[in-house]
Amino acid sequence: MDVFGGAPRFLAYPRPVIVQSGTDAALKCQIAGDPRPAVIWERNNERIHPEGRYRLFEDGNVYNLIISGVTSEDSGQYICKAKNSIGETYAAATLKVEGEAQEKELREENRPRFLIKPLSTRVGRGEDAVFSCKLWGKPLPEVAWEKDGKRLNEIFESTHFSVSYQDGGWFQLKIFKTRAPDGGVYTCKAKNEFGEGLAGAVLLVDAGPGHEEEATRNGYANGHWKAHPGKARGGRQVATRPREEPLPLSAKVKMFAVTEGKHAKFRCYVTGKPKPEIIWRKDGRVILSGRRYLLYEDREGYFTLKVLYCKQQDNGVYVCAASNTAGQTLSAVHLTVKEPLVRFKQPLSDLEVFERELAILECEVPEDSIPITWYLEDRRLHPGAKYGMEEWGTKRRLTIRDIGADDDGIYLCEMADGGGASRRWPSKVR
């Protein structure tokens, strides 16, 4: 009996390929089967046809994909699929085009950065309000100001505000003769060809004598705010409970820091009749419940926002805005996501795949000897028929076979930093 007969199987799996930008890349897999299988290559769930920069050819039972003149956009995963009348199989190969690091370095070096962010402020009704920030970037970023996620020219008359620029990268927004509706979250958006940056600040406008008393009488100006991280206990997040602090209409923005990969939990307490509507915003953008944001009212009546597995892009100003027919109020906290002492050389990336396909997550640790552990949410994963776990030097790879709806979730690669702490990087698979 031919030991290579029957359903297709890999004699040699595709290996990761690293090439220089502008050169040709060759991906190979060795497959046996009887009858001889039909082999195709796919990328991003689309079949690759032998045209343009792509060439396909066979050399015995070795199947080749050649990509000419690769660029950084060609980097990623390529799937080799084999099928005959008895069965089918597939495997993935990773292509990395060197030059990406230089491109990333160039983008990082020249993208917009806030050297000085706008500060939250409180003014009396009828007074002018000013937000200033200092930016750096090459070329000089273009700046647009928004209020609660809307451009100023969409909600204000042109005579109600002015935007100016001064040498040295200073940008300024001035709002003339403020009114109560001018209160809210103001966001400065800076953009150039290498990226964009966001920074937000809160404006609170005092209603003036009589008005504040009326708001209090309606049971609305007595908001409370809590913002606190979770503490790691047994590898899971447990919320701490600091002392309650009343937060009347105040322009002070609380500061809060959390380490990358950990959860951040914010709570605000608001009373009023009728019951107020709560909207959470980050840098002026409305936050909706999703895979990384949980919004709910807990048993104690606190409106809660939980940011899961914090990343650098979660830095910013978070606002709990409450409103009813009697008025509105808001509270704010500035979240800073701290970088850990030990960093991944290459973090995980989010991935989207079809059912029954193969999902491959890959990260790179700083040193060969550093062990890692894989998780799906809070469940530790172990190698077996479902999960393949491989290591090549500093590379760490998780292969998820026969993807189904139950595999949808957040996967984490965790490494120890040598001091008993851990470093997690999340990746969303769907």
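Is Glu362 buried or exposed? At 11% relative accessibility, Glu362 counts as buried (under 20% relative accessible area; exposed is over 50%, partly exposed in between, with a 1.4 Å probe and protein chains only). The structure is a predicted model, in which local features need pLDDT of at least 70 and side-chain atom pairs count only at pLDDT 80 or more, while totals for chains, interfaces and linings use all residues. Residues are numbered from 1 along each chain as its sequence is written, and side-chain values use heavy atoms, with hydrogens and water left out.

In total, 18 salt bridges are present, each defined as a side-chain nitrogen of Lys or Arg within 4 Å of a carboxyl oxygen of Asp or Glu. One of them joins Glu362 to Lys395, with an N to O distance of 3.9 Å. Because Glu362 lies in strand 30 (residues 359-364) and Lys395 in strand 34 (residues 395-400), this pair ties together parts that are 33 residues apart in sequence. Strands (E, at least two residues) are DSSP runs, numbered from the N terminus. Lys395 has 17% relative accessibility and also counts as buried.

Glu362 also forms a salt bridge with Arg397, at 3.1 Å from N to O. Here, too, distant parts of the chain are linked, with Arg397 in strand 34 and Glu362 in strand 30, 35 residues apart. Both Arg397 and Glu362 are buried. A network of salt bridges links Lys345, Glu362, Glu364, Lys395 and Arg397.

A further salt bridge pairs Arg396 with Glu391 (3.8 Å, N to O). Arg396 is buried, with a relative accessible area of 0%, whereas Glu391 is exposed, at 52%.

Terms used: Helices (H or I, at least four residues) and strands (E, at least two) are DSSP runs, numbered from the N terminus.
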